[in-house]
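Hi,

Here is the structure I promised to pass along. Have a look first, and my notes follow below.

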Amino acid sequence: ARNSPRFLLLQAMDIPVPSAHRGPDEPPRPVSEALASIDPQNTTLFIGGLDDNIDDNMLLHYFQPFGKIIYLRVPPGKKCGFVQFDNRKSAENALEGMAGARVGHCTLR
């Protein structure tokens, strides 16, 4: 079964936030979630699980409608991509707007 690609404001890492960085009654949460709340200036989306045929131009086509892109890269053979917007609101709009969208043969989630 093929994994659906993911796109997040930060690359998800399924390791818990150390207890020193959360309240005593707060459950463990992914580092990406904790960092997103710490760094409100982050404007980069990580898109993982892409088809091999997705390139920079194709990713640009899908994400450009959400705002000014200042960096975009699909590393060859890595099945992932990075899209950096010039502001946080554009990144959040892209994150929300692309949920469930088809990119090539993949559905983003």
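**What I found**

Y71 counts as partly exposed because its relative accessibility is 41% (buried is under 20% relative accessible area, exposed over 50%, partly exposed in between, with a 1.4 Å probe and protein chains only). Bear in mind that this is a predicted model, where local features need pLDDT of at least 70, side-chain atom pairs count only at pLDDT 80 or more, and totals for chains, interfaces and linings use all residues. Residues are numbered from 1 along each chain as its sequence is written, and side-chain values use heavy atoms, with hydrogens and water left out.

Y71 sits in strand β3, residues 69–73 (strands are DSSP runs of E, at least two residues, numbered from the N terminus). Beyond its neighbours within four places in sequence, Y71 contacts F82, V83 and Q84 (contact means heavy atoms within 4.5 Å). V83 is twelve residues from Y71 in sequence, yet their C-alphas are 5.9 Å apart.

β3 pairs with β4 in the antiparallel sense through four bridges (pairing takes at least two DSSP bridges between two strands), with I69 opposite F85. Strand β4 (residues 80–85) also runs antiparallel to β2 (residues 44–48), with five bridges; there, I47 stands opposite G81.

On the cysteines: C80 counts as buried because its relative accessibility is 10%, and C106 does so at 2%. The structure holds zero disulfides (a pair of cysteine sulfur atoms within 2.5 Å would be one).

As for confidence, the chain's mean pLDDT is 74 (the predictor's confidence in each residue, from 0 to 100), but residues 6–22 stay under 50.

Cheers
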